[in-house]
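Q: I am new to this one and would like to go through it step by step. Could we look at it together?

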Amino acid sequence: MTVEIPTTQRALVFDTWNGPLEVRQVPVPSPADDEILVKIEYSGICHSDLHVWLGDLKGMSVCPLVGGHEGAGSVVQIGKNVTGWELGDKAGVKLMNFNCLNCEFCKKGHEPLCHHIQNYGFDRSGTFQEYLTIRGVDAAKISKNTDLAAAAPILCAGVTVYKALKESNVKPGQIIVLTGAGGGLGSLAIQYANAMGMRVVAMDHGSKEAHCKNLGAEWFVDAFDTPDIVSHITKLTEGGPHGVINFAVARKPMEQAVEYVRKRGTVVFVGLPKDSKVTFDTTPFIFNAITIKGSIVGSRLDVDEAMEFVTRGIVKVPLELVRLEDVPAVYQKMIDGKITSRAVVDFSL
């Protein structure tokens, strides 16, 4: 099998933070001996892509930059030292890669905590381009039976919510609150939580109630029109939920979660609000034996497990296919809080 590879490609580039997002022609990279070249067919648009572009994460990113870190496509070239890949295989490009595989964190399966990682769409050019190189050991294998458009968001959004649900320690039959439940992450989290046997309280703007319940939320709480959220959720769940995952990009829901979570419950922070410093009363935190965790994406195994739910049709990604030129408009919808699906760049459009 031979594949014709062009010398240039389309890429979405910004030269300054919060500056113009422009589609340009850039060179197609050649894979190193340990890398494969992936023709990106779909790229998810993640909320953290917006943060990078706005300059909210300057300490973790570079500029100029090609953003994006949820890429799915086909292998079109293979470095001479790569094993386990063939031309035409379906491959995924996730956020964190180039980890050493040999430090204490890698050995324990906590690969995203490796000191050596590099992040596509943060400190190296990402998936908002038609071709991308990635180490063979880092690329995610995608089954030929998996819809590639649906696979793309799983490489960050899907594995992020799946790992956060695992970190919550909520057991089947127990209750979990998902803040920001009607957004891109939350829409996936509701489904994963259901598949894992959890009972879901979805919290978001009232306009998203039908959307959340259609995805499987058992209860819905309007985060903007409920006078006393702490009291309301405590009463609704008869003592508080067993876990809370905060996807909302705001500080207040993060602080409230510590107040209404059940005794010995777990609060997991995932959303990245610009002003993300939170405060809470340490007395009930200690006396109620509450656990607070941060969770960021997942390991290679987490990616495979999260993808399997989609391949089997248990989790369905609510997709909105857009052009590469439409990314700025999607960012604006994120800023306005009007995202109810997962926007994915379709490079064939």
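Q: How many residues of helix α1 are buried?
A: Six of the eight residues of helix α1 (residues 47-54) are buried, so the helix is mostly covered. Buried means under 20% relative accessible area, exposed means over 50%, and partly exposed lies in between, computed with a 1.4 Å probe on protein chains only. Helices (H or I, at least four residues) and strands (E, at least two) are DSSP runs, numbered from the N terminus.

Q: Which ones are buried in α1?
A: In α1 the buried residues are S48, D49, L50, H51, V52 and W53.

Q: And what do the buried residues of α1 pack against?
A: They pack against β1 (8-14), β3 (35-44), β4 (65-66) and α10 (327-335). Contact here means heavy atoms within 4.5 Å.

Q: Before going on, what kind of model is this?
A: This is a predicted model, in which local features need pLDDT of at least 70 and side-chain atom pairs count only at pLDDT 80 or more, while totals for chains, interfaces and linings use all residues. Residues are numbered from 1 along each chain as its sequence is written, and side-chain values use heavy atoms, with hydrogens and water left out.

Q: Back to the chain, then. What follows α1?
A: G55 follows α1, and its phi is positive, near 90°. P64 has its place in the loop between α1 and β4. A cis peptide bond joins C63 to P64, with omega about 0°.

Q: Which residue other than glycine has a positive phi near 35°?
A: That is V297, whose phi is near 35°. V297 sits in the loop between β16 (291-294) and α9. It counts as buried because its relative accessibility is 4%.

Q: What about F98, where does it lie?
A: F98 lies in the loop between β7 (96-97) and α2 (104-107). Its phi is positive, about 65°, although F98 is not a glycine. With a relative accessible area of 14%, F98 is buried.

Q: New topic: charges. How many salt bridges are there?
A: The count comes to 21 salt bridges. A salt bridge is a side-chain nitrogen of Lys or Arg within 4 Å of a carboxyl oxygen of Asp or Glu. Side chains of opposite charge can pair when their charged atoms come close.

Q: Are D138 and R135, which meet in a salt bridge, buried or exposed?
A: D138 is buried at 1% relative accessibility, and R135 is buried with a relative accessible area of 15%. Their side chains meet in a salt bridge at 2.7 Å, N to O.

Q: What about D204 and K208?
A: The side chains of D204 and K208 meet in a salt bridge at 4.0 Å, N to O. Both residues are buried.

Q: And how are E209 and K213 placed in helix α5?
A: E209 and K213 are four residues apart in helix α5 (residues 209-215), so about one helical turn separates them. Their side chains meet in a salt bridge at 3.2 Å, N to O. E209 is partly exposed, with a relative accessible area of 33%, and K213 is partly exposed at 41%.

Q: Which residues are linked in a network of salt bridges?
A: The network links K163, K166, E167, K293, D302 and E305.

Q: Where is D302 found?
A: D302 is found in helix α9 (residues 300-311). Because its relative accessibility is 5%, D302 counts as buried. Leaving aside neighbours within four places in sequence, D302 is in contact with V159, Y162, K163 and K166.
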